[in-house]
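Open the model in your viewer and keep the sequence panel beside it. The tour goes chain by chain and then residue by residue.

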Amino acid sequence: MLTVSDLHVSYGAINALSGVSFTIPQGAIVTLIGGNGAGKTTTLRTISGLLRPRSGSILFRGESITTLPAHTIVARGLCHVPEGRMVFANLSVDENLSMGAYLLRDRERIARNREFVFGVFPRLKERLRQTAGTLSGGEQQMLAIGRALMGDPTFLMLDEPSLGIAPRLIATIFEKIVEINRSQGITILLVEQNANLALEVSSQAYVLETGRVVMQGPSAELRDDPQLRATYLGGGPVT
Amino acid sequence: MPRPLLYFLAALAASIGVSAISGQLDPYLLDVSMGVGIAIILAVSLNLVNGHTGQFSLGHAGFMAVGAYLSSTVTLFLGPALLGEEGGNALTQGLLFAAALAFGGACAAFAGLLIGLPSLRLKGDYLALVTLGFGEIIRVVFQNVEVLGGALGLIGMPAYTTFAWVYGGAALAVYTVACLVNSTYGRGFLATRDDEIAAEAVGLDTTRYKIVAFVTGAFFAGVAGGLFAHFKLAIDPRGFDFTRSIEIVVMVILGGMGRTAGVIGAAILLTLLPEILRPVAEYRMILYSLLLIVLMLVRPQGLFQWSKKGGQP
C-alpha cells in the first residue's frame with residue numbers, strides 16, 4: 001500500500017534520513033522503532049508532506065506522493081497523527097473532530113465517522129463541549145486519533161501515541177489501535193519508542209538507527225532477537 | 001435573519017443616526033470618537049492576523065499608508081474631474097468616497113498579497129521582522145514619490161469622513177471578521193493558530209488561510225487609512241511609521257489576542273488614554289507608557305479576559 005524507497009531527508013547540512021526504504025502491505029500494522037534522533041518522526045513527516053525529501057520516492061497505492069503538498073496527501077486517505085498529542089487546544093472536542101472531517105463534504109459520512117469515533121473512544125463523547133487543551137494527556141491522544149479517523153483514512157500514521165500518557169491508558173490506546181485496524185481494515189504505521197508494546201501489536205517491524213534501517217522482519221522474530229532486546233527492550237531474558 | 005447580520009445592520013443604522021445629529025455634538029468629542037472608530041477598524045483587522053490566525057505581523061501601518069495615499073489620489077486627482085466645478089452633491093461625493101475607500105482597501109490588500117506570499121513561510125519573530133521591514137519600505141516609498149507630496153505629505157483632501165463612514169466601516173470590519181472566524185471554514189484560522197502541523201495533518205492548506213487572513217486584514221487597514229486621510233485632511237509618511245504598527249499590536253495584545261470584544265475595548269481605551277492624559281502636558285507620553293507597562297503586568301492575558309488561559313502568543 002505504501003512503498004518508501006531510498007529516502008534522503010536533511011535539515012540544512014544535517015542528514016536526518018540517509019536512504020530509508022520499506023514497504024507496508026494493505027491492512028497491516030507495521031511499526032518503526034528506534035531511539036531518539038533515529039529519524040522516525042522525520043520519516044512520518046516526509047511521508048505526509050510536511051517535509052520535503054532531498055531524494056527518494058514515496059508511492060501510495062501505486063502513485064507517487066513524493067512532492068505533493070500535505071493537504072492533498074490527506075485527501076488521498078493518508079492521515080498523520082503528529083507526535084505530542086497536537087490537538088487544537090483552544091477549540092472544543094467537538095470542533096476538533098469537525099476539523100478532522102475538514103475535507104469531507106458528505107454529511108452522512110461525517111455523522112457515521114463521528115459515531116464510529118465515539119464507539120472507539122466513548123470518553124470523547126462525554127467531553128464533547130470541553131476545550132481540548134483542558135483534557136488529560138490520554139484523552140488528548142484519543143482526540144488526536146479520533147480526529148484523524150474523522151477524515152476517513154485508509155492509512156493511518158501514529159507518531160508516539162504512548163508519549164507522556166499514564167501507563168494504564170497506554171494499554172487502552174493500543175487496544176483501540178488494534179481495534180481500528182481490525183474493524184475498519186485501516187492500515188497503520190506506528191512509530192514508537194516503547195518497542196515492547198509496538199512489537200506486540202504489529203506484524204512487521206523496521207528498526208531505525210541514525211537515519212538508516214538497520215534491522216527488519218516479522219515483529220515476533222524481532223522480539224526474540226538478542227541484539228534488539230539488548231538495545232531497545234531493556235535486555236533481560238526472552239519471556 | 002442571522003444574528004450577526006442583525007447586529008451589523010443595527011450598528012450601521014446607529015452610526016448613520018448619530019451622524020445625522022453630529023452637528024449638535026461637541027466637536028472635540030466627535031473628533032475623538034472618529035479617531036476611536038478608525039482605531040477599532042485597525043485593531044479588529046489586525047486581530048484577524050495576529051489574534052485568530054496567530055501570525056505576528058508588525059506591518060499594519062504600512063497597509064494603512066497604502067489605503068490613505070491611494071484613496072486620497074482618487075479624491076484629489078480624480079474627484080474634481082468627475083464631480084465638476086461645484087464639487088457635486090452629497091450623493092456623488094458619497095459614491096466617489098466609497099470608490100476611493102474601496103480602491104485604497106483593494107490596493108492595500110494587493111500589497112498584503114505581495115508581501116504575504118513570500119513572508120508567510122516564516123514564523124513568529126521572523127515574520128514580525130519581515131513585516132516590520134515591509135511596512136517601513138512602503139513608508140519610505142511614499143516619502144520619495146514627488147507626486148504624492150514626498151516627505152511633506154499630501155494635503156487638501158476633501159473632508160468626506162463622517163461619523164457614519166467611520167462606524168459603518170468599523171461595523172463592516174467586525175462583521176466580516178466575525179463571519180470569517182465563526183464559520184466552519186473559519187475554524188481553520190483558529191486551527192492554524194493552535195497547531196500548524198496538526199492543521200496540515202487534517203488536510204488544511206494553512207498557507208492559504210494565512211494569506212486570506214493577511215489580505216483581509218490589509219484591506220481593512222487600507223480602508224482605515226482612507227478614512228483617516230479624509231478625516232485629518234493631511235497625511236505624511238511619518239504618520240505611518242512602525243510606532244503606529246506597534247500601537248495597533250498593543251491594542252490586539254491588550255484586548256486579548258483573538259477576542260474581538262476585548263480588542264475593541266482596548267482600541268477605545270488606548271485611543272482615549274492620550275486624550276484623558278492631555279492635562280499633564282509633557283508628562284503625557286511617559287504616563288501613557290507607564291500605564292501600558294502596568295496594564296501588561298496586571299493583565300497579561302488581555303484586559304478583558306477573565307479565564308486563566310491566555311491567548312496564544
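Select chain A. For its 239 residues, a compact globule would have a radius of gyration near 18 Å, and chain A has 17 Å, which agrees. That radius is taken over C-alpha atoms, and the globule rule is 2.2 Å times the number of residues to the power 0.38. This is a predicted model, in which local features need pLDDT of at least 70 and side-chain atom pairs count only at pLDDT 80 or more, while totals for chains, interfaces and linings use all residues. Residues are numbered from 1 along each chain as its sequence is written, chains are lettered from A and ligands numbered from 1 in the order in which they are written, and side-chain values use heavy atoms, with hydrogens and water left out.

The C-alpha trace spans about 45 × 40 × 30 Å along its principal axes. Switch to a cartoon view: chain A has ten helices and ten strands. These are DSSP runs numbered from the N terminus, with helices being H or I of at least four residues and strands being E of at least two. Of the 239 residues, 54% count as buried. Buried means under 20% relative accessible area, exposed means over 50%, and partly exposed lies in between (1.4 Å probe, protein chains only).

Now show the surface of chain A. Accessible areas come from the Shrake-Rupley method with a 1.4 Å probe, and for residues only the protein chains shown count as cover.

Next, select A:Ser5. This residue is in strand S1 (residues 2–11) of chain A. At 30% relative accessibility, A:Ser5 counts as partly exposed. Which residues does A:Ser5 contact, leaving aside neighbours within four places in sequence? They are A:Val20, A:Ser21, A:Gly56 and A:Ser57; contact means heavy atoms within 4.5 Å. Draw a distance from A:Ser5 to A:Leu59 as well: their C-alpha atoms are separated by 8.4 Å, and the two are 54 residues apart along the chain.

Move to A:Glu160, in the loop between strand S7 (155–159) and helix H7 (167–184) of chain A. At 3% relative accessibility, A:Glu160 counts as buried. Its phi is near 50°, a positive value in a residue other than glycine. Most residues other than glycine have a negative phi.

Hide chain A and select chain B. With 313 residues, a compact globule would have a radius of gyration near 20 Å; the value for chain B is 19 Å, which agrees. The C-alpha trace of chain B spans about 60 × 45 × 40 Å along its principal axes. Here there are twelve helices and two strands. Follow them from the N terminus and the order is α-α-α-α-α-β-α-α-α-α-β-α-α-α. In chain B, 51% of the 313 residues count as buried. The accessible surface comes to about 14,000 Å², of which 70% belongs to carbon and sulfur atoms.

Select B:Phe97 next. At 0% relative accessibility, B:Phe97 counts as buried. What kind of pair do the rings of B:Phe97 and B:Trp165 form? Their centres are 4.9 Å apart and their planes at 75°, so the pair is edge-to-face. Rings of Phe, Tyr and Trp (its six-membered ring) pair if their centres lie within 6.5 Å; planes under 30 degrees apart count as stacked, over 60 as edge-to-face and the rest as tilted. B:Phe97 lies in helix H4 and B:Trp165 in helix H6 of chain B, so the pair ties together parts that are 68 residues apart in sequence. B:Trp165 is partly exposed, with a relative accessible area of 29%.

Go on to B:Phe142, in helix H5 (residues 124–143) of chain B. At 9% relative accessibility, B:Phe142 counts as buried. Not counting residues up to four places away in sequence, B:Phe142 touches several residues, among them B:Ala65, B:Tyr69 and B:Pro237.

Then pick B:Leu233, in the loop between helix H9 (206–232) and strand S2 (234–235) of chain B. B:Leu233 has a positive phi of about 65° although it is not a glycine. At 30% relative accessibility, B:Leu233 counts as partly exposed.

Finally, show both chains again and select A:Tyr102, B:Tyr185, B:Phe189 and B:Tyr209, which form one aromatic cluster.
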